[in-house]
Amino acid sequence: ADYSPFLGIEKGAVLQEARVFNDPQLDPRRCSQVITKLLYLLNQGETFTKVEATEVFFAVTKLFQSKDIGLRRMVYVMIKELSPSADEVIIVTSSLMKDMTSKTDMYRANAIRVLCRITDGTLLTQIERYLKQAIVDKNPVVASAALVSGIHLLQTNPEIVKRWSNEVQEAVQSRAALVQFHALALLHQIRQNDRLAVNKLVSSLTKGSVRSPLAQCLLIRYTSQVIRESANNNQAGDRPFYDFLEGCLRHKAEMVIFEAARAITELNGVTSRELTPAITVLQLFLSSSKPVLRFAAVRTLNKVAMTHPMAVTNCNIDMESLISDQNRSIATLAITTLLKTGNESSVDRLMKQITNFMSDIADEFKIVVVEAIRSLCLKFPLKHRSLMNFLSNILREEGGFEYKKAIVDSIVILIRDIPEAKESGLLHLCEFIEDCEFTYLSTQILHFLGIEGPKTSDPSKYIRYIYNRVHLENATVRAGAVSTLAKFGAMVDTLKPRVFVLLRRCLFDNDDEVRDRATLYLNTLGGDGAVVETGEDVKEFLFGSLDIPLVNLENSLKNYEPSEEDFDINSVPKEVKTQPLAEKKAPGKKPTGLGAPPAGPPSTVDAYEKLLSSIPEFANFGKLFKSSAPVELTEAETEYAVNVVKHIFDGHVVFQYNCTNTIPEQLLENVTVIVDASEAEEFAEVASKPLRSLPYDSPGQTFVAFEKPEGVPAIGKFSNMLR
């Protein structure tokens, strides 16, 4: 095993070692090793207390007296990582400013980076003159350091950085590749909110003053942005700057050629004539000796094949040779691209090649291939038999859950969309659950079988597979099999007597859920002398959608007190509820595709829109533009849990506060959130909707709406108080 020099180091021991920084005779090598250990601890997530951080910071500042260049670089990194507070920064500022005007270029460059990282606006105005000089410095390392610092400072002190435009413009003409690259990036960020200024910048630079390949790649991206923005205003048909992009295809640097080719393929409404030169250079890259070029080319062609499959067909021969590429990522992309661009006659040949290929790649690549085969089958439905057999064969091979789920999802989609594939597809799924090791997939296949199986010409052939699950599986799958049997009994009259017999046998199962379901379905279907429901009622019960969130139904049933009045399901609220606290602390990966349990109504966005439009105060706000993910406003352990969802409209923002009461003995009434908008001057509160009551562990919502300026970004800080 490889030995790690950091194995088993502890914070306390390293802090003891840091005392060497105070030695009268400094040992640069020893000090560098201790700083390395401190940096390792910080990057591993080790937290230092305020006292510990301060002590280390002051000790590190003493190392400025050493003239060792290697140690000085470590000191710079350490100061950046410690992020000292404002009162501590003053201690080190004089040393850094001295280094910034030093004759040693390495000192100057690093001192600029550190100062700009730890400084505030006040100090920045004092060193602004030095930074401007550094931007046009003859040494490219110093100039790049100043430009990169400007890019970072633009986020916190934009007004100061914008005053450097002349110097940055001069740096754009630099002969040093990195300086030109960083200067162009900073100049674009300074002007990015001024569309006309960006147009002028692109127009002046596309005439040939950019030498750096990196800067040229940036310029291509900015040019693409200008083309996109001008597409709506230009009705003439000619694209501005397209000739520049096409000219870049003949550049001597491969990165520039690829960037230009990709930019052309991603143009909105790109025509076949415009695509041709880009496809030609990408085809040349397919036979390159460099794996990165082959990968870049085949990935781009893969994307083009989604919208312009015919434009990529000329590359098919080159891509077929990539199926045996040593890099399996390249081989997978080649296969999936061929599946998108191939014609009906080439399907069988491709299937033979893929069969040998599948055993050599990881599950993540197999999933990509499976999805491509699904698309091909939908494109050529007459080939469904061979493609369905292929999916069935790989379904029986070794593989993980996600891979098997992707295959099952694909078969399900083909059954739904290609009527001729239904019966064979359902049989393949039935054969798979005989040996399926994944409970989730078994239950979801049984659920799907209960929907589609009764609609086939011979539903009886599936009963054996379903009933086998009742005997040979775990309780969860057995319960699913009982429900599926009941659906066959409800939908197919000729099978009802047989289903009754099988369901009666399930009454002796050792699992409560299985017995309960069997009892329920026997009564619903009219077995054991029970009152028979009408056929429509049975179908609605078995197949009807539940249009209320399950957590709301569960809470309402818990809170229901037995009385002469029956439980009324219409009293269950249909609003989207927050996740219960117990589940919040351990979020798991959400399943997708076949049988994914819905988080609420069909779509969260639709549910939010429906919910907000049902509240009279917000009904006239117009169409909902976007809703944020919930933001937690309280700690997990607090007595009341509150998170907020921000709903953005054209002229309004609505805060939806999802509240949960975690104290069993208390019932909260007239719940509101008082919002302090003193730091949000552009917003004005226009409406609020309190929550009438908040019982224990029954989530509820209260809303506050603000008016904001239309069409412009509005920023504000809001503080909230639960009342």
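This account describes the aromatic ring contacts of a predicted model, together with charged side chains placed over rings.

A search of the whole structure finds 14 aromatic pairs. One of them joins Phe57 and Phe58, whose rings lie 5.7 Å apart, centre to centre, with 65° between the planes. The arrangement is edge-to-face, because an angle of over 60 degrees between the planes places a pair in that class. The two partners can also be described by their accessibility. Phe57, at 1% relative accessibility, is buried, whereas Phe58 has a relative accessible area of 33% and is partly exposed.

A further edge-to-face pair is made by Phe401 and Phe438: the ring centres are 5.5 Å apart and the planes meet at 70°. With a relative accessible area of 25%, Phe401 is partly exposed. Phe438, at 18%, counts as buried because the limit for that class is under 20% relative accessible area.

Phe655, Tyr657, Phe683, Phe706 and Phe718 together make up one aromatic cluster.

Finally, charged side chains are found over aromatic faces. Lys11 is positioned over the face of Phe48, 5.7 Å from the ring centre. Arg129 lies over the face of Tyr130, and here the distance to the ring centre is 4.7 Å.

Conventions: Residues are numbered from 1 along each chain as its sequence is written. This is a predicted model: local features need pLDDT of at least 70, side-chain atom pairs count only at pLDDT 80 or more; totals for chains, interfaces and linings use all residues. Side-chain values use heavy atoms; hydrogens and water are left out. Rings of Phe, Tyr and Trp (its six-membered ring) pair if their centres lie within 6.5 Å; planes under 30 degrees apart count as stacked, over 60 as edge-to-face and the rest as tilted. Buried means under 20% relative accessible area, exposed over 50%, partly exposed in between (1.4 Å probe, protein chains only). A charge sits over a ring if NZ of Lys or CZ of Arg is within 6 Å of the ring centre and within 35 degrees of the ring normal.
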